[in-house]
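Visitor: I would like to learn how to read a few features of a model. Could you walk me through them?
Guide: Gladly; let us look at it together.

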Amino acid sequence: MWNEPSAGVAVSALDPESAAGQPRPAVVASVEQGSIGEQLGFEPGDQLLSVNGVRPRDLIDYRYLIVEEELHLEVRDATGAFHQVDLEKDSDDGLGLAFTEALFDGLRQCNNHCPFCFIDQQPLGRRNSLYLKDDDYRLSFLYGSYLTLTNLKEADWQRIEAQRLSPLFVSVHATEPSLRAQLLKNPRAGLLLEQLEWFSERDLQVHAQVVVCPGLNDGLALDRTLRELADFGTGDWPAVLSVAVVPVGLTRFRPAEDGLLPVGSACARRVISQVELLQDQFQAVMETRFAWLSDEWYLIAGAPLPPRSTYEDLPQQENGVGSIRSFLEALDQATVILPKRLRQPRRCSWVVGRLVEQALGPACERLNAVEDLAVELHGLPSPYWGQDQVVTGLLTGHDLLEGLKALDLGDQLLLPSVMLRQGELVFLDDMTLEQLSEALQISIRIVHGAADIVAAAMGDGQEIH
């Protein structure tokens, strides 16, 4: 699934006057209480210029540099004054500094032209960060974002090897060279198998992703892709650790001539049958299912989600593989012991994407078994994107306003945090949480995870056992 870069991750990439490739000072965002940084007098707004004479390019460099026991820091404080700081510490002690962004020399953006790119399927005129095409191997290592490997220079490969930046997360889509070059609209995309061999020779690893576009890379092409990736998934130190198979997402803003087809229920059932058969074969040979389908396939097909055990250690949970199953498991645990009734009657509304509504229904019924508690689950479509079956994280402020404006929402509206940009109370369409609350005339609570949803539904301590 596409994710907007978190607030503060790619600030310098938005600055047209930023010198490409030139590291800027690392700006301190916060200082951990009781840390070495606090003892040294660091404050938010201070700029770390260099460590032992080296200007860090990013958070990775910073972490490598501060491992040294003797450090010489060059710092410019918020008033502009310059300081030199010398200190000794244990090698495993950090400084307790967090920075405003992870990349001090700007974001490495994508040089491909995939017709199914979600970023190109958005309307114009929204915040700049929505149009950033992250294809940066450093963010892949730090945060698990996916990259294609097409924009790496020789110095990047050398750094990946030298600093052991592994595992990385790679968007594969197809292993057949000409097909991958066609899908990414980039001749360099055909080098993937050679690149995977490079990882294998150096005991470096990747997690892979395949976005299935019906009629392009499904069927025999998908079979070949998964089998060739599995060839790199064996041995004591496999180069490919796992593969996530996800359906292409299409919006109403995409070009009419892109030739892409949406994934329907019949297609979803075919892909499920195909991949589950391969899973059995991989399990017999590799002792792992190796390739997993994202939850959307089962929801689109109207099929039950696989048991939790089939996802093993959830290697691709952040990519939607087993995330709903894991969430349902957490909801089961959070609702094992529920009160008989509440101190005061309470009504609230819980909003999710229409695609997941049916799966969450049983948990909502368990909550409604509590006397004086009424939780109404609203599974909404997305007129904004032009999608009837949509995941929760893609719902926009306009979708919520359109879907809820005529409803009695009770005492409070519960909104999952995945709808908002990390670090900011803003939806994908730039509507703010405050604007939505004012328009709907209701109190809104942002909920994080299963336990928080249960607590919020019951009003945080109103229950009587």
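Visitor: Leaving aside its neighbours within four places in sequence, which residues is Asp452 in contact with?
Guide: This is a predicted model, and contact here means heavy atoms within 4.5 Å. With those neighbours within four places set aside, Asp452 touches Arg445, Ile446 and Val447. Asp452 itself belongs to helix H14, residues 449-457.

Visitor: Is Asp452 buried or exposed?
Guide: The general idea is a cut-off: buried means under 20% relative accessible area. Asp452 has 19% relative accessibility, so Asp452 counts as buried.

Visitor: Now the helices. At what angle do H10 and H11 pack?
Guide: Angles under 35 degrees count as roughly parallel. Helix H10 (residues 323-334) and helix H11 (residues 357-368) pack at about 10 degrees, their axes 10 Å apart, so H10 is roughly parallel to H11. On the H10 side, the contact residues are Ile324, Phe327, Leu328, Leu331 and Asp332, and H11 contributes Ala359, Leu360, Ala363 and Arg366. By class, seven of the contact residues are nonpolar, none is polar and two are charged.

Visitor: And the sheet: what order do its strands have?
Guide: Read across, the five strands of this open sheet run E4-E3-E2-E1-E5, with antiparallel pairing. Strands E4 (82-88) and E5 (97-99) are the edges, each pairing on one side only. The twist from one strand to the next averages 45 degrees.

Visitor: How many bridges join E2 to E3?
Guide: Four, between residues 47-51 of E2 and residues 70-76 of E3. For Ser50, the bridge partner in E3 is Glu74.

Terms used:
Residues numbered from 1 in each chain as written. Predicted model: local features only at pLDDT ≥ 70, side-chain atom pairs only at ≥ 80, totals over all residues. Heavy atoms only, no water. Pairing = 2+ DSSP bridges. Helix = DSSP H or I, 4+ residues; strand = E, 2+ residues; numbered from the N terminus. Axes fitted to C-alpha atoms, helices over the stretch in contact; angles between N-to-C directions. Parallel < 35°, antiparallel > 145°, perpendicular 65-115°, else oblique. Nonpolar A, V, L, I, M, F, W, Y, C, P; charged D, E, K, R; others polar. Buried < 20%, exposed > 50% of the residue type's maximum accessible area, 1.4 Å probe, protein only.
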